[in-house]
Amino acid sequence: MNRVNLKGVLSLIFILIVGFLGTRCATPKEGVKTYPKDYVHPLTEINLEKVFAENRGLRVLEENATKVNDFYRGGVQEKEEGEILLKEGKWEEARKHLEKSNRFLRVVVKYIPEDEAHRDIYEGQTVIFLPNLLMADNDLKLVTVYKNMKNENKAAEVKAEGQYYLAESLKSVKTEWASQIKKGFE
Amino acid sequence: MALLKVATKEKEQDLKKYQNEYKVSSPILIDENGSAANAYGVWNRPATFFINREGKIVARVLKEVDWTSNNTKNLIQYLLKEKK
């Protein structure tokens, strides 16, 4: 249903209630796949585009975020925005979004400090959950941003922060993506 | 007021069984690949979203609740009072 049609339908009703059903009708799901401790998740399986795709949709506003997943989603959405602006060379605008993304994600790690390649959110439904790695990636990009803004002190500061979050991520999950970020910091 | 029930990654025959068992008369939409749940940012179920005539989410309930309780009746009545 497109936006115009939806508006038409909504004008006929006072309120629409969308309810995602619980477990009563649940089909038994396959268990979440487990991986050996040192398994390195390849880029084809865990990558930024997949993370973006999982978190598109309803936009999270900072003032409305109340649950950990709101903050994670907000962090990813701000990151996507920042990445687009970065590619366009809009350093100041990109900085704002990447910093905001980190603000969201810092809240996430306060409550769930460990990254997970596939976090089981309900009955076998999984999401890529890498708040530490996303912050490390944001910081790597912020190094470029600050260098272009001729702010070497801030560039050094975000590099140190990014290396910290990268190490935190690697404590719980190994990904090819993390190796790329590590190389980026070298 | 319209109510849409959405079942994520469920099989049709299980939903029919559920409708019969719990005498559910309203239709249930199937979110086959979980894309609707993703778009709404659903990380736990059940989850209920209240959308007003402007298409804005005005409330959400992210847990199981008794929809016949006074609290939820009051919530729905309050939301229905919203002007056109």
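**Starting with chain B**

Select chain B: 20% of its 84 residues are buried, where buried means 20 or more other C-beta atoms within 10 Å of a residue's own, exposed means 12 or fewer, and partly exposed is in between, with C-beta atoms placed from the backbone. Before going on, note that this is a predicted model, in which local features need pLDDT of at least 70, side-chain atom pairs count only at pLDDT 80 or more, and totals for chains, interfaces and linings use all residues. Residues are numbered from 1 along each chain as its sequence is written, while chains are lettered from A and ligands numbered from 1 in the order in which they are written.

Colour chain B by secondary structure and you'll find 3 helices and 4 strands. Helices (H or I, at least four residues) and strands (E, at least two) are DSSP runs, numbered from the N terminus. Trace the chain from that end and the order is β-α-β-α-β-β-α. Along the principal axes, the C-alpha atoms of chain B fill a box of roughly 40 × 30 × 20 Å.

Now give two colours to chain B: domain 1 is 1–43 and domain 2 is 44–84, with bounds from an automatic or database domain assignment. The C-alpha centres of these two domains of chain B are 18 Å apart. Where they meet, 4 residues of domain 1 of chain B are in contact with 5 residues of domain 2 of chain B; contact means that C-beta atoms, placed from the backbone, lie within 7 Å. On the domain 1 side of that meeting place in chain B there are 4 nonpolar residues, no polar and no charged. Here Ala, Val, Leu, Ile, Met, Phe, Trp, Tyr, Cys and Pro count as nonpolar, Asp, Glu, Lys and Arg as charged, and the others, Gly among them, as polar.

Most residues other than glycine have a negative phi, and most peptide bonds are trans. With that in mind, zoom in on B:Arg45 and B:Pro46, which are joined by a cis peptide bond with omega about 0°. B:Pro46 sits in the loop between helix H2 (35–40) and strand S3 (47–52) of chain B.

Next, pick B:Lys9, in the loop between strand S1 (2–8) and helix H1 (12–21) of chain B. B:Lys9 is not a glycine, yet its phi is positive, about 50°. Is B:Lys9 buried or partly exposed? B:Lys9 counts as partly exposed because 17 other C-beta atoms lie within 10 Å.

Hop over to chain A and select A:Lys150, another residue other than glycine with a positive phi, near 60°. Look for A:Lys150 in the loop between helix H5 (131–148) and helix H6 (152–172) of chain A. A:Lys150 has 8 C-beta neighbours inside 10 Å, so it counts as exposed.

**Into chain A**

Which residues have the most contacts inside the largest nonpolar core? Select A:Leu105, A:Val108, A:Ile128, A:Leu133, A:Leu134, A:Ala136 and A:Ile181 to see them, in a core of 23 residues. A nonpolar core is a set of buried Ala, Val, Leu, Ile, Met, Phe, Trp, Tyr and Cys residues joined through C-beta atoms within 7 Å. The largest share of this core, 5 residues, comes from H5(A). Then centre on A:Ile181: leaving out residues up to four places away in sequence, it touches A:Ala136, A:Asp137, A:Leu140 and A:Leu166. There is also a second, separate core of 13 residues, which includes A:Leu21, B:Ala7, B:Val42 and B:Ala47.

Now highlight H4(A). Its buried residues include A:His97, A:Ser101, A:Leu105 and A:Val108, and what covers the buried residues of H4(A) includes H3 and H5 of chain A.

**Last stop: confidence**

Colour chain A by pLDDT, the predictor's confidence in each residue, from 0 to 100. The mean for chain A is 88, and 86% of its residues reach 70 or more. Among the elements of chain A, H4(A) has the highest mean pLDDT (98) and helix H1 (residues 3–12) the lowest (47). Finish at residues 1–11 of chain A, where pLDDT stays under 50. Where pLDDT is low, the predicted coordinates should not be read in detail.

Notes: Contact = placed C-beta atoms within 7 Å.
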